[in-house]
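Hi everyone, thanks for coming. Let me put a structure up on the screen, and then we can walk through a few parts of it together.

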Amino acid sequence: MPLEGEYELSPEGWVRDQTEKILETGTTESVDIKGRPVILLTTRGAKSGKLRKVPLMRVEHDGQYAIVASLGGAPKHPVWYFNVQAEPHVELQDGTVTKDYDAREVTGEEKAVWWERGVATYPDYADYQEKTDREIPVFVLTER
Ligand SMILES: C[C@H](OP(=O)(O)OC[C@@H](O)[C@@H](O)[C@@H](O)Cn1c2nc(=O)[nH]c(=O)c-2cc2ccc(O)cc21)C(=O)N[C@@H](CCC(=O)N[C@@H](CCC(=O)O)C(=O)O)C(=O)O
């Protein structure tokens, strides 16, 4: 059951541009970061109830995805992290396909495995973790 409601795009210019391009072209393959693939996550705003669309790096394994709340190694979690904590039902678009997922924050050994997969997909994640004391959270998404 897809998430219903009006959505708002990021106020962050370059992110908004990439999100708009994905929406215009209908595929996440229309954008990339340093040649690495991107997915589009839709979350329910924890306060506004609005749908929030955020592009994230594509980290996939056997049909499951990881979403990494890196925010470039900033000291604070991205706002979408709190949205997903509040409402784990999210939508993820990969290419032209959008499906519903349940998000679960992972820790310990399970997180280590997914973190490696993330760094293998997008090496900058390792640099981001280096530059902050904040432990960068990871959610694993399982299709509903
Ligand atoms: C700027 C802020 O965005 P954010 O949710 O903190 O997310 C910051 C970034 O993570 C987000 O811009 C990502 O898309 C950036 N980003 C990545 N960010 C990552 O963290 N990890 C990635 O792997 C990643 C990859 C990526 C690839 C392409 C691209 O274009 C962007 C990429 C935002 O949208 N704020 C809104 C509010 C958003 C919101 O969810 N509001 C909640 C209220 C939340 C609250 O106040 O508690 C609501 O509606 O209820 C605003 O200020 O109006």
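This is a predicted model: local features need pLDDT of at least 70, side-chain atom pairs count only at pLDDT 80 or more; totals for chains, interfaces and linings use all residues.

Let's start with helix H2, residues 79-86. Which of its residues are buried? They are Trp80, Tyr81, Asn83 and Val84. These four sit on the same side of H2, because they cover an arc of only 160° around the axis. Here is a handy bit of background: an α-helix has 3.6 residues a turn, so residues three or four places apart point the same way. On the face turned away from the buried side, you find Val79 and Ala86, which are exposed. And what covers the buried residues of H2? The cover includes strands S2, S3, S5, S6, S7 and S8.

Now for the largest pocket, which holds about 1000 Å³ of space. It is lined by 36 residues, and the closest to its centre are Val15, Val54, Leu71, Pro78 and Trp80. By type, the lining has 21 nonpolar, nine polar and six charged residues.

Last, the rings. The whole structure has eight aromatic pairs. Tyr65 is in strand S5 and Tyr101 in strand S7, 36 residues apart. Both of these tyrosines are buried. Elsewhere, ring pairs join Trp80, Tyr81, Phe82 and Phe139 into a cluster.

Conventions: Residues are numbered from 1 along each chain as its sequence is written. Side-chain values use heavy atoms; hydrogens and water are left out. Buried means under 20% relative accessible area, exposed over 50%, partly exposed in between (1.4 Å probe, protein chains only). Helices (H or I, at least four residues) and strands (E, at least two) are DSSP runs, numbered from the N terminus. The arc is that of the directions from the helix axis to the C-beta atoms. Contact means heavy atoms within 4.5 Å. On a 1 Å grid over the protein atoms alone, a cavity is a set of points where a 1.4 Å probe fits but cannot get out, and a pocket is an open set with protein on both sides within 12 Å along at least five of seven lines; lining residues have an atom within 4 Å of a point. Grid points are joined across faces, edges and corners, and a volume is the space filled by probe spheres set on the points. Ala, Val, Leu, Ile, Met, Phe, Trp, Tyr, Cys and Pro count as nonpolar, Asp, Glu, Lys and Arg as charged, and the others, Gly among them, as polar. Rings of Phe, Tyr and Trp (its six-membered ring) pair if their centres lie within 6.5 Å; planes under 30 degrees apart count as stacked, over 60 as edge-to-face and the rest as tilted.
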